[in-house]
Amino acid sequence: MKNSPWWRDAVVYEIYVRSFADASGDGVGDLEGIRARLPYLAELGVDAVWLTPFQPSPMADGGYDVADYRGVDPLFGTLDDFDALVAEAHAHGLRLIVDVVPNHSSSEHPWFKAALASPPGSPERDRYMFRDGDRPPNNWTSTFSGPAWSRVPDGQWYLHLFAPEQPDFNWRNPAVHEEFLDVLRFWLDRGVDGFRIDVAMGLYKDADLSDVPPSEEGFQSRSPIWSQPEVHEVYRAWRKVLDSYPGDRAAVGEVWTDSPEDLALYVRPDELHQSFNFAWLEAPWSATSFRKIIDDTLAAVTAPTWVLSNHDVVRHVTRYGEGSLNPGAGNARANAALLAMLALPGSAYLYQGEELGLPEVRELPPEARQDPIFKRSKGELPGRDGCRVPLPWSGTEAPFGFSPDGGRPWLPQPPEWAALTAERQAGDPESTLAFYRRALALRRSLRDSLPDAIAWLDAPADTLAFSRGELVCAINCGDRPVPLPPHDGVLISSGPVDETTLAPDTAVWLRSA
Ligand code: GLC
């Protein structure tokens, strides 16, 4: 057995709580729903589960607007339900990590309400980013479109990098530091195995709040909004808290940045254990770009992570399918990318429903959409609801076992998902679900014997091949079949394969010759 901590090579399954499983029948997923599906996750073969926010929230951003960092929203259950979920997850051998949202709170948080009830210059206002002025203090725009500053009745402005209902904290105020150290302890004391840190590169803003130069819009490491050097002190303090608990508690940061070197700063030995590596998720279907991403990542960090989809982006079956005339290309490529990702050193994050091959739902009626991006852009941007449609579990019509019969899921499920339910796929050895189970089981059986380094093998144009100890992985991103690398047997493949040829949009694991 390798003696490395669990998170280094864990497969972590993201549960977007509102959309996973609804036990109460109100159409919204909940903690009891998750608890009932733990056997499914154990059988799938993941090592850990990440829960998106379930704390009390007015749901202006689906729970990423937290009004109380130490509770459970009644929509999702109770603290007792949470405790039961932790215990049962552990009994199934699953670790559990939870989201922490330190960049901003809800505007319904008692601190923000106190800030509004207090005068400019008061200590209550100093826990958020209030400024005077006839005009907004700078040119920053909200990530959800529109201005990043809103005005309160006495004329001051407050900063919200996301929706106006998500005021940004002032991390230069020590009270904010203390509060979050305590929030971490609250959940660690309840037995969580770690945290996913929301907008981890956002906490500190440039001290002068200088304008964003036009060339540095977006998640740039040089922007005055993101990745300020002071943020690293926060994670040094958080690491000390995590290390003071037994059992390898770990944190993964949501760090959007244009620079692998910037990403590496967050995972220095005394900071976060991991950070998401969004480069692959942002890349087109291309062997050249995949190779560059793998090389850059392995050169920059010692604990790499890989991810293809999450609750903020278009599902990768759809992303990969859009560039191809072949209607099956999206699913074929998604399965091939999974094999490539699982063959690499490091840990992999899966997003709920990708194991069912779910596509993005493009056709949601405007009145059903809830994402603030859709609302703030006045419908110009579709927003993220299309990747958040509640999962199809069983049966032949909505709610497909997501809610008890008669329940109405908070977003409508397409009727054609009848063919994609977990129940239906579980009985079909050719299904995406069966493929995920096989791939995850094989990875688990191999991982203790695989080295942390890979070696590139010669491969035809538009393809990649690398070896990692006894494992060889090859992926064909081109449009014609190519010869397989020399090998001593096929271990698994994402599509039909013979002993000598690798079809387009297919990946394979081989035993090295
Ligand atoms: C993160 C979350 C996203 C949320 C945003 C604001 O990017 O993943 O869903 O809207 O932070 O909290």
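Buried here means under 20% relative accessible area, so aspartate 193, at 6%, counts as buried. Keep that cut-off in mind, since burial comes up again and again below. This is a predicted model, and it holds 31 salt bridges along with 32 aromatic pairs. Here's a quick tour of some of those contacts, plus a look at one helix.

- Aspartate 193 has arginine 95 as a salt-bridge partner, with 3.5 Å between the closest N and O atoms.
- That pair ties together parts 98 residues apart in sequence, because arginine 95 sits in strand β3 (residues 95-100) while aspartate 193 is in the loop between α5 (174-189) and β7 (194-197).
- Arginine 196 and glutamate 254 make another salt bridge through their side chains, at 3.4 Å from N to O.
- Here the parts tied together are 58 residues apart in sequence, since arginine 196 belongs to strand β7 and glutamate 254 to the loop between β8 (250-253) and α7 (260-266).
- Arginine 196 and glutamate 254 are both buried.

- Helix α8 (residues 287-300) carries both arginine 291 and aspartate 295, four residues apart, or about one turn of the helix.
- Their side chains meet in a salt bridge, 3.8 Å from N to O.
- Why does that spacing work out? An α-helix has 3.6 residues a turn, so residues three or four places apart point the same way.
- Both partners are partly exposed: arginine 291 has 34% relative accessibility, and aspartate 295 has a relative accessible area of 34%.
- Elsewhere, salt bridges with shared partners link Asp61, Asp312, Asp371, Arg384 and Arg388 into one network.

**Aromatic pairs and their cluster**

- Tryptophan 111 and phenylalanine 169 are both buried.
- Tyrosine 235 and tryptophan 238 also pair edge-to-face, at 5.6 Å centre to centre and 80 degrees between the planes.
- These two are three residues apart in helix α6 (residues 231-243), which means about one helical turn separates them.
- Tyrosine 235 is buried with a relative accessible area of 0%, and tryptophan 238 is buried at 2% relative accessibility.
- Both of these pairs belong to one aromatic cluster, whose members also include Tyr69, Phe112, Tyr128 and Phe130.

**Charges over rings**

- Phenylalanine 130, a member of that cluster, has arginine 125 over its face, 4.8 Å from the ring centre.
- Tyrosine 320 likewise has arginine 319 over its face, at 5.7 Å from the ring centre.

**Helix α13**

- The 15 residues of helix α13 (residues 432-446) reach 21 Å from first C-alpha to last, close to the 21 Å expected at 1.5 Å a residue.
- How many of its 15 residues are buried? Eleven are, leaving α13 mostly covered.
- The buried residues of α13 include Leu433, Phe435, Tyr436 and Leu446, and also the arginines Arg437 and Arg443.

Notes:
Residues numbered from 1 in each chain as written. Predicted model: local features only at pLDDT ≥ 70, side-chain atom pairs only at ≥ 80, totals over all residues. Heavy atoms only, no water. Salt bridge = Lys/Arg side-chain N within 4 Å of Asp/Glu carboxyl O. Buried < 20%, exposed > 50% of the residue type's maximum accessible area, 1.4 Å probe, protein only. Expected span 1.5 Å × (residues − 1). Phe/Tyr/Trp six-rings, centres within 6.5 Å; stacked < 30°, edge-to-face > 60°. Lys NZ or Arg CZ within 6 Å of the ring centre and 35° of its normal.
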